[in-house]
Amino acid sequence: MAQLRRDPIVGRWVVIDDEHPKGPNDFSKEDHTPRHAEICPFCPGRENRTPLEVDAVRPVEGVPNSSNWQVRTIPNKFPALVHEEHLVKEGIGMFDVISGYGAHEVVIENPSHNKQMTDLTPKEMALVLSQYQRRYQYLSLDPNLKYVVIFKNFGVSAGATVDHSQS
Amino acid sequence: MAQIRKDLLVSRWVIVATERARRPAAFIEQTTHQTDAKDCSFCNAPKEELLLTNGNVRVFKSGTPFFLHGQPFSRQRQGLYDVSSSWGSHEVVVETPVHVANMADLALQDIEKVFETYVQRMNLHRQDKSIRYVLAYKNYGVAAGSRPIGHARSQIMAVPVNPLRVKDKIAGAKRYFDFHERCLFCDLIQQERKDSQRVILENREFLALTPFASRFPFEVWIIPKRHCCDFSKGITGHENQLAQMMKELLLRFKIGLNDPAYNYMIQSAPFEEGGGYKKYPTIEEDYHWHIELIPRLTRVAGFERGTGFYINPIPPEMIAEFLREIRI
């Protein structure tokens with residue numbers, strides 16, 4: 001028989017099926033082979049096809065948007081929120097509205113099109129994490145921003161739209 | 001530029017795309033929900049226990065129930081964790097004997113009977129003092145969580161704890177009532193009828209609208225115009241009005257969006273008498289039952305999961321206009 005368990009942090013109840021548990025392999029899997037390398041805008045050499053970078057790590061000091069980067073952060077081409085706008089708060093009848101102020105950035109984790117996050121070396125992974133930290137610290141200087149969430153969508157069913165490893 | 005809108009009920013913010021909005025028609029997908037009748041366990045007699053027959057509608061115990069009246073109800077503490085036995089009921093409402101997939105294609109009288117049946121099951125579960133909440137809901141289509149069997153049905157879950165989402169809604173409605181001494185939903189109905197840009201349909205008893213801070217494209221709320229916190233009380237005598245509105249909305253989805261997968265959830269007040277005291281003593285005045293109807297057209301990804309903050313690629317005003325203009 002199933003059991004109900006309460007998440008002690010938010011108080012949400014969850015049904016855990018311990019009577020007919022599925023096996024770890026009973027869930028459908030998706031093919032994650034990276035494709036479309038020939039047209040990938042995140043690959044080195046195609047920096048001019050993305051919005052101008054906001055940060056990057058290069059082994060030697062280089063010109064922004066040049067191709068010798070190890071990690072590169074760009075504004076999302078289709079941003080949900082935009083940083084240049086003014087923050088405007090407004091009431092419409094009983095409703096509250098704020099203008100779409102904020103930042104929506106993409107961290108390209110590695111120059112290689114064929115590497116997923118699991119293929120990164122600890123050193124490469126450390127570059128990704130320190131890039132997160134730098135963006136976080138930079139954005140926290142803006143008093144209009146209240147929260148930064150760093151997230152990754154890997155695979156189409158998780159919401160990814162580009163094969164190149166990114167968060 | 002996008003707008004960030006606040007849902008008044010649960011104080012959730014939603015990003016609504018305005019300039020970069022996709023057109024409503026961009027969400028039309030080719031899907032099929034038809035399956036062969038000869039493989040259908042709901043056409044042949046299901047082997048599960050028949051709990052109730054009401055006209056063409058039959059209620060069966062679920063073949064794989066998550067909640068059962070099997071084992072004594074108990075709540076336990078395991079260190080800092082709380083555990084409860086899954087006392088309750090998990091039922092499948094088979095809406096028609098005919099192999100029809102979408103509720104949109106049922107006769108009005110059959111849809112009426114479905115809502116009447118929900119009430120009968122809720123009233124039965126209400127007598128069990130260990131049951132706190134009953135959710136009647138529908139998963140139509142595989143993308144909405146259904147098994148690939150194209151036979152119209154919905155589900156009822158009777159559970160021994162109050163779900164967090166329900167508590168959040170009740171708390172939001174109470175906060176509003178405490179401040180304004182008016183029901184949030186009654187105010188909402190008044191404002192939305194006056195404003196009219198988010199209203200899709202209206203009949204004598206119900207208003208269908210796209211919520212101001214919709215999380216998903218084509219999210220629709222059906223709100224009864226008469227104030228009542230409890231579905232089983234509020235709907236009685238008005239089943240035909242709800243059936244008419246539901247059928248009309250589902251047909252508009254089917255025609256306008258090419259038969260999308262969808263969920264609906266009936267949002268009613270929890271049972272009050274559990275535990276022998278009133279947990280929500282003011283709920284009759286501050287809560288208002290309603291239905292959420294949501295086609296499954298977009299994916300929930302990392303941002304939504306990490307924040308509970310949603311990005312809606314299309315303003316609800318455009319959706320309401322699109323749905324108003326569909327001819328059925």
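This is a predicted model: local features need pLDDT of at least 70, side-chain atom pairs count only at pLDDT 80 or more; totals for chains, interfaces and linings use all residues.
Local features are described only at pLDDT of at least 70 and side-chain atom pairs only at pLDDT 80 or more, while totals for chains, interfaces and linings use all residues. Residues are numbered from 1 along each chain as its sequence is written, with chains lettered from A in the order in which they are written.

Chain B gives 35 residues to the contact and chain A gives 34 residues; two residues are in contact if their C-beta atoms, placed from the backbone, lie within 7 Å. On the side of chain B that touches chain A, the elements with two or more residues are β1 (3-6), β6 (81-85), α3 (184-195) and α7 (302-307). Helices (H or I, at least four residues) and strands (E, at least two) are DSSP runs, numbered from the N terminus. The largest share of that side, five residues, belongs to β6(B).

β6(B) also pairs with strand β1 (residues 3-6) of chain A, in the antiparallel sense and over four bridges. Two strands pair if DSSP finds at least two bridges between them. Here A:Gln3 has B:Ser85 as its bridge partner.

The largest nonpolar core has 87 residues, of which B:Val134, B:Leu184 and B:Ala208 touch the most other members. Such a core is a set of buried Ala, Val, Leu, Ile, Met, Phe, Trp, Tyr and Cys residues joined through C-beta atoms within 7 Å. A residue is buried if 20 or more other C-beta atoms lie within 10 Å of its own, exposed if 12 or fewer, and partly exposed in between, with C-beta atoms placed from the backbone. Helix α5 (residues 239-257) of chain B supplies the largest share of this core, eight residues. A second, separate core of eight residues includes A:Phe42, A:Ala56, A:Ile74 and A:Val128.

In chain A, three strands form an open antiparallel sheet in the order β3-β4-β7. β3 (55-57) and β7 (105-108) each have a single partner strand, so one side of each is left without a neighbour in the sheet. Three bridges join β3(A) to β4 (residues 71-75) of chain A, and A:Asp55 stands opposite A:Thr73.

The loop between β3 and β4 of chain A holds A:Asn65, whose phi is positive, near 70 degrees. Most residues other than glycine have a negative phi. A:Asn65 is partly exposed, with 15 other C-beta atoms within 10 Å. In chain B, B:Ser11 has a positive phi of about 55 degrees and lies in the loop between β1 and β2 (13-16).
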